[in-house]
Amino acid sequence: MEKALQTMIDNMPEKTGKSLEQWKSILQSKDFSKHGEAVKYLKSEHQVTHGFANTIVTLSKENNDTADDLVTSQYKGKEGLFPIYEKLIATVKSFGNDVTITPKKTTVSIIRKRQFALIKPATKTRIDLGLKLKDTQITDRLENSGPFGTMCTHRVKLNSTAEVDEQLFNWLKEAHEKAE
């Protein structure tokens, strides 16, 4: 399990008032058809921050996939993209201990106080990296958010580890700094 995720789980009782197991019990007593509905419930009814709410809902899924299982499933049949994913994760981890990496079924959210990046294996040959860079110009490489909608403001299409370069590092760092 990712160290950051384990730290988040360990801090959950202090930060949210309940353990992960207690939150799972609460969610099992409800019948949410969508992930977002459960997140909204935790935020509005229990004042849980978005990062914790999202993690609680993700980890409360009945299949009990670990974070590693979720990532492995995302890259099944797309194994050639995994080195790009690993380089992106190493990059955001270099920003400090305030980064939380939250795998979901089809994406991996990168969160500081708010989500600032989203990694999605879009095709067998491309990862889409969503970034929250409010008030940043769109360029040929730094596109409109596309399929990410309001979750991100921009998207960068990545086909190789070489594209995780200084320019991308700077965009990720800027998104991280704006997510405080």
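**Pocket, helix packing and a buried strand residue**

The largest pocket holds about 550 Å³ of space. A pocket here is an open set of points on a 1 Å grid over the protein atoms alone, where a 1.4 Å probe fits, with protein on both sides within 12 Å along at least five of seven lines. Its volume is the space filled by probe spheres set on the points, which are joined across faces, edges and corners. This is a predicted model, in which local features need pLDDT of at least 70 and side-chain atom pairs count only at pLDDT 80 or more, while totals for chains, interfaces and linings use all residues. Residues are numbered from 1 along each chain as its sequence is written, and side-chain values use heavy atoms, without hydrogens and water.

**Largest pocket**

- The lining (residues with an atom within 4 Å of a point) comprises 20 residues, of which Ala 4, Asn 97, Asp 98, Val 99 and Thr 100 are the closest to the pocket centre.
- At least two lining residues come from each of α1 (3-16), α4 (50-59) and β1 (100-103); helices (H or I, at least four residues) and strands (E, at least two) are DSSP runs numbered from the N terminus.
- α1 gives the largest share of the lining, six residues.
- By class, the lining has six nonpolar, eight polar and six charged residues; Ala, Val, Leu, Ile, Met, Phe, Trp, Tyr, Cys and Pro count as nonpolar, Asp, Glu, Lys and Arg as charged, and the others, Gly among them, as polar.

**Packing of α2**

- The axes of α2 (residues 20-28) and α4 come within 9 Å and cross at roughly 70 degrees; axes are lines fitted to C-alpha atoms over the stretch in contact, and angles run from 0 to 180 degrees between N-to-C directions.
- α2 and α4 are therefore roughly perpendicular (65 to 115 degrees).
- Leu 20, Trp 23, Lys 24 and Leu 27 of α2 meet Ile 56, Val 57 and Leu 59 of α4, in contact meaning heavy atoms within 4.5 Å.
- This α2 with α4 contact has six nonpolar residues, no polar and one charged.
- With α3 (residues 35-46), α2 packs at about 110 degrees, the axes being 12 Å apart.
- Trp 23, Ile 26 and Leu 27 of α2 contact Ala 38, Tyr 41, Leu 42 and His 46 of α3.
- The α2 with α3 contact has six nonpolar residues, one polar and no charged.

**Val 156**

- Val 156 lies in strand β6 (residues 154-158).
- Val 156 counts as buried because its relative accessibility is 0% (buried means under 20% relative accessible area, with a 1.4 Å probe and protein chains only).
- Beyond four places in sequence, Val 156 touches residues including Ile 127, Leu 142 and Trp 171.

Conventions:
Buried < 20%, exposed > 50% of the residue type's maximum accessible area, 1.4 Å probe, protein only. Parallel < 35°, antiparallel > 145°, perpendicular 65-115°, else oblique.
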